[in-house]
Amino acid sequence: MTIVHRVLFPHPIVDLDEYLARGGGKGLEAARQSGPETLIAELEAAGLRGRGGAGFPTGTKWRTVAANRSSMFPTTVVVNGAEGEPGTFKDRTILRNDPYQVVEGALIAAQAVGANTVIFGLKRSFGEEVARLQSAIDEIVAAGWAQGIEIEVFEGPNEYLYGEETALLETIDGRYPFPRIAPPFRRGVTEVVATVGDTTSGSGLSAHVEMAGAGSDQVAPPTLVDNVETLANVPRIIARGAAWFRTEGTEKSPGTIVCTVTGSTRRHGVGEVQMGTPLREVIEAIGGGPHPGRRIRAVLPGTAQGFITEDQLDTPVSYEAMAAIGSGLGSAGFIVFDDTDDLVAAAAGVSRFLSIESCGQCTPCKQDGLQLAGVMDKLSRSQAGAHDMAILHKRVGTVADGARCYLATQHQNVLSSLLAAYPDEVEAHVAGTATGVTPALIAELVDVDGGQATWDERHREKQPDWTYDAEYSGKVPAERYGEHRAHQTLPE
Ligand SMILES: Cc1cc2nc3c(=O)[nH]c(=O)nc-3n(C[C@H](O)[C@H](O)[C@H](O)COP(=O)(O)O)c2cc1C
Ligand code: SF4
């Protein structure tokens, strides 16, 4: 059985009574009997790693946040439900099926790090998930589970960067989703951090810089930011123990992972598998494998990591195995390409998406990124000459220079993997002999329903200044929105 059911039940849990009948609530009950140290130690022993993309050990994060508590200000838990990675729909599926486990996990996290507020960061466009989550919160609060902990749902903008954790905190603080320079453990949901002008980005723009550091409790407490799926795993770990959690998965990537499969497969879908399951098996089980008569030629794990090639399809779905082949697990959103797909066009789609979504606080990320997207567009239409190819190679090398967040490195990862793994395909585009079919738009998913993924078609009209105007203003988002305080005026 490839598909398993730990955090993703085969059908939606209808209400808190059903959740309780299925064993829900036991994690919080157990957490109430134990202190923060026991909870954190259990998480560390379980080896749970953050499912938002980076795979950072959750127990380590909780321990650091708890250790850096402020004596003046309360800590906050922020649940990252901003899901915008192209090809990923797992957090929204989890929230639709069982939001109760996520709320329970967040309440356990709050207890472990001493937080008095939990904020769920979703998007205004996630109407169904927001409604489902809010009614689960209402039921849980009415049942007395919150015990004084405030739970809020924040509805943010559609921008991809809103999911980057420091940008998420910026947005909750009332600003635009522009990443901060910060360590992995973030200061501040409330604006009590000192800010200084930033000179490291190369943009010359003033930006917020956290003056955080261990022991600086005169400023703001650290905020714990955990992904939806990460927290969905927590109640069972606390109720059943670390050893139980480790009965599935690998030594370095214990447990299960909720994967999304889209692209050139018989169907699209979201399903949960044990960590360590070969990628080919995951694509078979969730996506039904390639279309009849076709073969899988490449897989992109979202827009963060390089192409996984045909001969790497048996790589286990785990953080360590994906890193060992030079790619990465990301948020386990696998976009599949078959032997008729044009991989240069696919990479051009990624380049376009990332260059538009870049906020422009770092000049190379935005300007080299836009130049890369322009060249990739030309290349995909077989109109790139030697000069364009020279720009492509040069800018792939510079796009991530001085980058404040990981987005610029994502751009570099995807394009350098195309150049390294598919030189013949790139050459065919230069020579004008390429025959592949342009795959679907690379953008956020709007839905995955009835075996069919829907992409955000509106992204085709999005300009690099984050407007949907007919013409690009030439201004980067950080310039255009930098002076404004409120995020509400961002285009929908
Ligand atoms: C450009 C960008 C977009 C991101 N989008 C998301 C997102 O939509 N949801 C998410 O949980 N993490 C996202 N992340 C990762 C978060 O920054 C962060 O690592 C995560 O919320 C931490 O939670 P975890 O440890 O539970 O994974 C993004 C990162 C980057 C660089
Ligand atoms: S790397 Fe790119 S997206 Fe990230 S902060 Fe800099 S300009 Fe913005």
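In soluble globular proteins, nonpolar side chains tend to be buried together.

Leaving aside residues up to four places away in sequence, Leu-418 touches Phe-307, Leu-343, Val-344, Ala-347 and Val-426, where contact requires C-beta atoms, placed from the backbone, to lie within 7 Å.

## Numbering and confidence

Residues are numbered from 1 along each chain as its sequence is written, while chains are lettered from A and ligands numbered from 1 in the order in which they are written. Since this is a predicted model, local features need pLDDT of at least 70 and side-chain atom pairs count only at pLDDT 80 or more, whereas totals for chains, interfaces and linings use all residues.

## An open sheet

Five strands, in the order β7-β6-β10-β8-β9, form an open sheet with mixed pairing; strands (E, at least two residues) and helices (H or I, at least four) are DSSP runs numbered from the N terminus, and two strands pair if DSSP finds at least two bridges between them. The edges are held by β7 (269-274) and β9 (308-309), each with a single partner strand, so one side of each is left without a neighbour in the sheet.

Strand β6 (residues 256-263) pairs with β7 in the antiparallel sense over 6 bridges, and Val-258 has Glu-272 in β7 as its bridge partner.

## Two positive phi values

Ser-382, which is not a glycine, has a positive phi of about 55° and lies in the loop between α14 (363-380) and α15 (386-398). Trp-466, also not a glycine, has a positive phi near 70°, and its place is in the loop between β12 (452-455) and α18 (477-481).

A residue is buried if 20 or more other C-beta atoms, placed from the backbone, lie within 10 Å of its own, exposed if 12 or fewer, and partly exposed in between. Ser-382 therefore counts as partly exposed, with 14 C-beta neighbours inside 10 Å, whereas Trp-466 is buried, with 24 other C-beta atoms within 10 Å.

Methods:
Two residues are in contact if their C-beta atoms, placed from the backbone, lie within 7 Å.
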